[in-house]
Amino acid sequence: MTEHEQYPYRETEEKWHKYWETNKIFKSGGTGKKYYVLEMFPYPSGYLHMGHVRVYTIGDVIAHYMRMQGYDVIHPMGYDAFGLPAENAAIKNKVHPAEWTRKNIEHARGQFKRLGMSYDWDRELATCDESYYKWNQWLFIKLFEKGLAYRKATAVNWCPDCGTVLANEQVHDGKCWRCEHEVVQKDLTQWFFKTTAYSQELLDGHAKIDWPERVKLMQENWIGRSEGVRILFKEDKTGEDIPVFTTRPDTIFGATYVVLAPSHPLVEKIKKGVPPDRVKEIEAFQEKVRKSDVTVTTLINMEKEGVDTGAFAINPVNGRRIPVWIGNYVLMDYGTGAIMAVPTHDERDFLFAKKYKLPMIVVIQPEDKTLAVEGMQAAYEEEGVLVNSGDFDGCGNIEAKKKIAAWMEKKGIGRIEVNYKLKDWLLSRQRYWGTPIPAIYCDKCGIVMEKTENLPVVLPDDIEFTGKGNPLEGSKSFMNVKCPKCGGHARRETDTMDTFVDSSWYFVRYCDPKNNNLPIDKTVADRELPVDQYIGGPEHACMHLIYARFFTYVMRDLGLISCSEPFKKLLTQGMVVKDGAKMSKSKGNTVSPDDMIEKYGSDTARLFMLFAAPPPMDLEWSDEGVEGAYRFLNRVWRKITANANTARQETGYKNIDIGKLDAQKQKLLRKVHRTIKKVSNDIGIEQQFNTAVAALMELFNEFSPVNFDPSSAEEMALFYFTAESMVLLMAPFVPHFSEELWERLGNKPSVFMQKWPVYDETLTAEETVEFVLQVSGKIRDRISLKMNAGQAEAEAAAFASPKFREWTDGKTVVKKIFVANKLLNVVVK
């Protein structure tokens, strides 16, 4: 076997890894027009699998393409290194989380390098580094000073298996987002970030970013802006206000009962004024709800249940005395923790009222019929005319919304306001392996922040990992401190920060990772931010992507950065699926990149991942597909290396005289230009990498059978133009392969320092078109005709067609209609 027959991927990849690293080919220079490409960084919970490879390869293609377009590309890598899996591994394997995490990071770094990822390794960071989480703490203190970090007692989502609190966004279908254990409710005092301070900007900012519409819609629904009225019902005996927010003030006259969240503060007061049997019933229901997994998400499909408290409220618009219930479908941290129920015009209230035989009043009548409570089988939720609504009778309900809202505000029984579903970010976690919250509790001074000059507050080593509770509570050296304010005895906060804090600003730190004075220097920030292209999974729409936007607003308002949005453009990729399920370590269906690289080389793995499916769609793993990618690379290798030893024509090879080429080679030249145009569009605009690879395969099918005469300067010029164009176009996809072929074609490395190929528009037009032949308006044949052929040439081709002549022979032609490049219609009689 000769060297031309098989691509020597092992030697080639090792050679170019050394070259790139030694010459820092992918280091951003800090000059020229920047382009910041970033993939969501990995959690080093183990070794990378092919699911990870997909997202990072997509980012790498974009980075290479923009680099070859002349941009100073910023393309960093780091590790989302804190989190519960490391702590669980410490418990299971009797190894410190830091040791376990560092080992995984080291292996992941090696995998990235073997895959040929074009990262600027001088920017590498890990969020578990003291030099990183110091700035988490610094930012926390700044948020505390701005009133954007606060502590309050609240019912929280608790994962018994992880032993920690979860934000609402981390509860999926009533289960923990990480371990899928059932989530329960628990009362704890917790730290929050005031994300709601930026609710409206989170919505308005969507106009400034190029993101998939479905991701924007997911965020819009999660933020949940609604305009309505905060109405003040009053408890009958005490006169205490019961605020209720509604978007349907037009139905206020039909409110026949109020429902409170079981944990509403008023419930405890009500219990003091009702009989013991009623108290027992209320408390039994409260306990039942506390043990259940009621969240905003699970509310949709759960059975609605409730208990009558025995108390009454006064409807402020008509003075009607209506019962007060508690219900499992009302959450204390959602809205005001209380709702007004209008069963005739809200389906949820209708079903609840039917179940518990509660009163109903029709207050909106449709125009085409008359509703009666006795005959209603469902709530009427459409438009109509108000009835039983005092002075507003006869008013259309859409108009009545505004009129009644204004009337209530004037009377002081309601207030027009905008409400949001979005809740503040609960960030306290009862675990060791995370950023310590820099709060100190002093009996004399209260809550005091650690002095910034003492940061970071470092995780202690005298820890025992038992799997029970928060390990930090067992460290006396950590907990016992002096108050920074009075010098007296004090206690450190033992909760650590949610790991989403780490990933909410890491893209900022990449720009200035060695800065010891600030999270980032503003001059650097103004040059390098925001991220131009971000790549990651759409499942992060309502967690990471909202948190990152929140942190960007905060850092802007602190004067650290100028940009208002973190990511200008977002590309979301689908999952890698094997055996019908998402590829994941927990399902045992992963494919190791190490195995793929050893057997086929990293460029084969990259090429398959890019060719198998468009980025937004799931990719089905296929061993046959990998084999196909490997065969394609070897075919290209053999074709180019077999001809590359021929003496190269040094002059004029890029200005080929097409007139001196035969038909086959003219066709090839045109195909090269069309492919340059196609691949450029597919990478730079459409971001459809699979069709770009398909175009390269089509080009090779034209290139492969062509023989080139070594004695012909024009033919060898065509060979080099075709080969070099193909290598340059393939470079973002298969970097090692392309570097080696570029050098073997007689060029100096690196291929990534070359300009992206440019096509000649005049040579991209198709040479032939499909031309329709009609007889008296009916299609009789379709032929291939030279582009821009004249009418005489089209008629000659038509009358040479047996299918066409079958309908014209022996008949008189009365009219001919010719449309260039489209059709010839011959009318006969």
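Modeller: Helices (H or I, at least four residues) and strands (E, at least two) are DSSP runs, numbered from the N terminus. On that basis the protein chain has 24 helices and 34 strands. The model is a predicted one, in which local features need pLDDT of at least 70 and side-chain atom pairs count only at pLDDT 80 or more, while totals for chains, interfaces and linings use all residues. Residues are numbered from 1 along each chain as its sequence is written, and side-chain values use heavy atoms, with hydrogens and water left out.

Colleague: What makes α18 roughly parallel to α22?

Modeller: Two packed helices are described by the angle between their axes and the distance between the axes. Here α18 (residues 623–644) and α22 (residues 735–744) pack at an angle of about 15 degrees, with their axes 10 Å apart. That angle is why α18 is called roughly parallel to α22, since angles under 35 degrees count as roughly parallel, over 145 as roughly antiparallel, 65 to 115 as roughly perpendicular and the rest as oblique. The axes are lines fitted to C-alpha atoms, for helices over the stretch in contact, and the angles run from 0 to 180 degrees between N-to-C directions. The crossing of α18 and α22 is left-handed, a term used if the near helix is turned anticlockwise from the far one by less than a right angle, with right-handed used if clockwise.

Colleague: Which residues of α18 and α22 meet?

Modeller: Contact means heavy atoms within 4.5 Å, and by that criterion L633, V636, W637, I640, T641 and A644 in α18 meet F737, E740, L741 and R744 in α22. By class, this contact has seven nonpolar, one polar and two charged residues, where Ala, Val, Leu, Ile, Met, Phe, Trp, Tyr, Cys and Pro count as nonpolar, Asp, Glu, Lys and Arg as charged, and the others, Gly among them, as polar.

Colleague: Why does K94 count as exposed?

Modeller: Buried means under 20% relative accessible area, exposed over 50%, and partly exposed in between (1.4 Å probe, protein chains only). K94 has 71% relative accessibility and therefore counts as exposed. K94 is found in the loop between α3 (84–93) and α4 (97–114), and has a positive phi of about 55 degrees although it is not a glycine. N788, in the loop between β32 (778–786) and α23 (791–798), likewise has a positive phi, near 65 degrees, in a residue other than glycine; at 61% relative accessibility, N788 counts as exposed.

Colleague: Where does Q200 stand, buried, exposed or partly exposed?

Modeller: Q200, which has its place in helix α6 (residues 199–204), has a relative accessible area of 26%, so it is partly exposed. Leaving aside its neighbours within four places in sequence, Q200 is in contact with R225 and Y420. The C-alpha atoms of Q200 and C542, 342 residues apart along the chain, are separated by 15 Å.

Colleague: How much of the protein chain is buried?

Modeller: Of its 829 residues, 56% are buried.
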